[in-house]
Amino acid sequence: MITTDTNFRRNIVAGNWKSNKLIDDAKEFVTALQAAVQTVEGAEVWIAPPLTSLAVVSQLQQSQRKIHWAGQQCSAYSAGAHTGECTAEMLADAGARAVIIGHSERRERMGETDDVVAQKVKRAWEAGLTAIFCCGEDAKERESGVHVRKVLAQLKAGVLSLDAPAVDRLIVAYEPIWAIGTGATALPEQAQEMHAVLRAGIAEEWGEEVARRIPILYGGSCNPANAKEIFSQPDVDGGLIGGASLQPDVFARLIEAADEEWKLRNHQA
Ligand code: PGA
């Protein structure tokens, strides 16, 4: 761990809806969540809706700045003849300020390699977006003790090796694959260990000053029952939430947990 003085770091709760919600469901969700986020001071709220809803809800919500929008992924290409691809620039145009890149579901099911992930991070930065970079080990890698090596290799290949990095537009998400959608959340100390490893990896390449500022989120079966303990770990700066981001009242409780943690860190609670 580089430091326990975390009050200069943003605290973020990001909902990844994956392939869920039609446009009307998305509008309903956002209307319901709005009331819950009005008093939040210490947590940034991000939602990554499916593409079809992104443009609609982000335009609808332009007047209220409490919710930020992200894409769930972007193309590795820029504009051109790439049927079906959505470029980072298009996401920005549709109202996104960030994009999730390197989620394990895409790495595994869509065959996204480290090189493709790196290319996407580059595209996101070129388009002025924040990259929410995901990394994490699978169950076998953890059992065989190569989890630290695995996430550091992903971080290096996908982010740290890029030229002209936009360090202020990077959010890292540690998402152990064995915890995603399984109900088997990482123990708070396991999350802390890995977040500290990632922060140290960033520090080694970009210096401690930068590493201290970059939010590192935990993702993997985070819910209102376990969020408080996970978010209270010194190197955990909130969460990337899948299943528990689909209902506004449940998601609001996670935002509340992050908000409370931020206030505690800043001695305002
Ligand atoms: P989960 O998903 O919260 O449903 O485990 C997290 C993620 O995939 O980002």
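What share of the contacts in the protein chain with a separation of 6 or more comes from residues 24 or more positions apart? The share is 75%, where contact means heavy atoms within 4.5 Å.

## Basis of the model

This is a predicted model, in which local features need pLDDT of at least 70, side-chain atom pairs count only at pLDDT 80 or more, and totals for chains, interfaces and linings use all residues. Residues are numbered from 1 along each chain as its sequence is written, and side-chain values use heavy atoms, with hydrogens and water left out.

## Overall form

The protein chain has 11 helices and eight strands. Helices (H or I, at least four residues) and strands (E, at least two) are DSSP runs, numbered from the N terminus. The C-alpha trace spans about 50 × 45 × 35 Å along its principal axes. The radius of gyration, taken over C-alpha atoms, is compared with a globule rule of 2.2 Å times the number of residues to the power 0.38. For 269 residues a compact globule would come near 18 Å, and the 17 Å of the protein chain agrees with that.

Of the 269 residues in the protein chain, 54% are buried. Buried means under 20% relative accessible area, exposed means over 50%, and partly exposed lies in between (1.4 Å probe, protein chains only). The protein chain exposes about 11800 Å², with carbon and sulfur atoms supplying 50% of it. Accessible areas come from the Shrake-Rupley method with a 1.4 Å probe, and for residues only the protein chains shown count as cover.

## Nonpolar cores

In soluble globular proteins, nonpolar side chains tend to be buried together. A nonpolar core is here a set of buried Ala, Val, Leu, Ile, Met, Phe, Trp, Tyr and Cys residues joined through side-chain atoms within 4.5 Å. The largest core holds 70 residues, and L33, W206 and F251 touch the most other members. Helix α11 gives the most to this core, with seven residues.

Leaving out residues up to four places away in sequence, W206 touches W125, V159, L160, P165, V167, L170 and I214. A second, separate core has 13 residues, among them A48, I132, C134 and A173.

## Aromatic pairs

Rings of Phe, Tyr and Trp (its six-membered ring) pair if their centres lie within 6.5 Å; planes under 30 degrees apart count as stacked, over 60 as edge-to-face and the rest as tilted. The count by this rule is three aromatic pairs. F29 and F251 have ring centres 6.2 Å apart and planes at 45°, so this pair is tilted. The pair links distant parts of the chain, with F29 in helix α1 (residues 23-37) and F251 in helix α11 (residues 248-265), 222 residues apart. F29 and F251 are both buried. Y174 and Y218 also form a tilted pair, at 6.4 Å centre to centre with 55° between the planes. This pair too links distant parts of the chain: Y174 is in strand β6 (residues 170-174) and Y218 in strand β7 (residues 216-219), 44 residues apart. Y174 is buried at 1% relative accessible area, and Y218 is buried at 0%.

W17, F29 and F251 make up one aromatic cluster. K21 lies over the face of W17, 5.3 Å from the ring centre. A charge sits over a ring if NZ of Lys or CZ of Arg is within 6 Å of the ring centre and within 35 degrees of the ring normal.

## Buried residues and their contacts

F133 is in strand β5 (residues 130-135) and is buried, with 0% relative accessibility. R107 is itself buried, at 14% relative accessible area.

I180 lies in the loop between β6 and α8 (188-206) and is buried, at 15%. Apart from neighbours within four places in sequence, the contacts of I180 include K18, H103, E175 and G220.

## Positive phi angles

Most residues other than glycine have a negative phi, and most peptide bonds are trans. K18 has a positive phi of about 50° although it is not a glycine. K18 is in the loop between β1 (12-16) and α1 and is partly exposed, at 22% relative accessible area.

A164, also not a glycine, has a positive phi of about 45°. A164 is in the loop between α7 (147-160) and β6 and is exposed, at 72% relative accessible area.
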